[in-house]
Amino acid sequence: MNGNAPTPRVALVTGTSSGIGEAVVRHFCEQGYQVLAVDFNPAGKDVAERAGAAFHQADLTDGDACRAAVQDAIQRFGHLDILVNNAGIQHVSPIETFPEDKWRHIIDLMLTAPFLLTQAAWPSMREGGWGRIINIASVHAQVASPGKAAYVSAKHGMIGLTRTAALEGGEQGITANALCPAYVKTPLVDNQIADQARMHGMEEQEVIEQIMLKNAAVKRLIDPGEVASLVGYLASDAAGAVTGASWNIDLGWTAQ
Ligand code: NAD
């Protein structure tokens with residue numbers, strides 16, 4: 001890097017082998033950022049390399065693996081500026097029969113891992129006087145749906161983590177924001193469409209229209225690139241005054 005060229009931003013994104021994470025990695029690479037894509041699925045390596053990102057394989061339900069992923073980013077690129085907590089899964093079952101192991105897995109991956117990654121990334125952001133923590137929450141961080149106790153609880157918790165990080169980071173140049181999308185067209189939702197179609201004996205299109213878009217003012221699924229664009233804004237210098245916020249990108253779901 002010569003003395004006049006600005007140092008590219010360094011970003012770590014989790015859950016990048018498909019869907020929203022993949023779109024965020026592509027968006028950041030197009031901005032010229034240095035990106036470490038982190039996923040437990042080895043298929044994420046090809047996805048990352050095609051976009052121009054480095055890849056780190058990790059199961060983020062393991063605390064040491066979270067810390068090692070952050071250390072890898074810092075060793076490769078010298079520092080870390082942007083953390084996008086995106087990795088997530090879903091399990092649908094009523095509370096009465098919700099399996100304890102599924103509950104723990106979802107909380108570990110979608111609430112504890114974002115906390116541990118934030119904690120590990122914090123010193124580098126503080127030392128640089130600039131940081132962006134972007135948490136991919138969900139419309140289910142604002143409202144609940146039956147059968148999704150662990151997911152809804154993890155996502156509501158993520159809003160609390162986001163707000164606390166915003167307050168603690170304010171004096172240090174670190175912002176923290178959450179995004180709350182409704183249904184985005186990704187493998188996570190494709191699986192739910194297929195499951196619900198089987199469960200209710202409906203066509204997949206009927207599941208989309210009558211179940212998924214029931215509460216939506218805009219009657220279509222969201223494209224992952226639309227979420228990535230908002231992440232891109234929140235990661236930019238222009239968003240320095242925006243912190244502690246929850247950004248609905250929910251087709252008007254929570255407007256009623
Ligand atoms: P996706 O299934 O396409 O991507 C999830 C990624 O997380 C995958 O790459 C998967 O390999 C990775 N992952 C799963 N378990 C992991 C683990 N233990 N360690 C590391 N990586 C792991 O799903 P998506 O729809 O792109 O979801 C991304 C995020 O967006 C999730 O947090 C999800 O809750 C949230 N979200 C999705 C929607 C939607 O409608 N698709 C809506 C709101 C919020």
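I began with Ser18: one of its polar side-chain atoms lies 2.7 Å from an oxygen atom of the ligand. I call that a polar contact, meaning a pair of N or O atoms within 3.5 Å. The model is predicted, so I kept its rules in view: local features need pLDDT of at least 70, side-chain atom pairs count only at pLDDT 80 or more, and totals for chains, interfaces and linings use all residues. Residues are numbered from 1 along each chain as its sequence is written, and side-chain values use heavy atoms, with hydrogens and water left out.

Next I checked Asp39. A polar side-chain atom of Asp39 lies 2.5 Å from an oxygen atom of the ligand. For Thr186, an N or O atom of the side chain is 2.5 Å from a ligand oxygen atom. I then looked up the cover: the protein hides 94% of the 830 Å² of accessible area that the ligand has on its own. Those areas come from the Shrake-Rupley method with a 1.4 Å probe.

**The shell.** I found 31 residues around the ligand. A residue counts as near if one of its heavy atoms lies within 4 Å of the molecule. Asp39, Asn86, Tyr151, Val184 and Thr186 come nearest. Which helix gives the most to the shell? H6 does, with three residues. H1, H5 (149-169) and H6 each supply at least two. Helices here are DSSP runs of H or I with at least four residues, strands are runs of E with at least two, and both are numbered from the N terminus.

**Domains.** The chain is divided into domain 1 (10-181 + 222-248) and domain 2 (183-221). The bounds come from an automatic or database domain assignment. Taken over C-alpha atoms, the two centres are 24 Å apart. The contact (heavy atoms within 4.5 Å) takes 14 residues from domain 1 and nine residues from domain 2.

**Cores.** A nonpolar core is a set of buried Ala, Val, Leu, Ile, Met, Phe, Trp, Tyr and Cys residues joined through side-chain atoms within 4.5 Å. Buried means under 20% relative accessible area, with a 1.4 Å probe and protein chains only. The largest core has 46 residues, and Phe28, Ile82, Val84, Ile134 and Val231 touch the most other members. H1 gives the largest share, six residues.

Leaving out residues up to four places away in sequence, Val231 touches Val24, Phe28, Val84, Ile134, Ile136 and Leu179. I also noted a second, separate core of 36 residues, which includes Cys66, Ala69, Met110 and Ile174.

Note on methods: Buried means under 20% relative accessible area, exposed over 50%, partly exposed in between (1.4 Å probe, protein chains only). A polar contact is a pair of N or O atoms within 3.5 Å; within protein, one must be able to donate a hydrogen and the other to accept it, and residues adjacent in sequence count only if both atoms are side-chain atoms.
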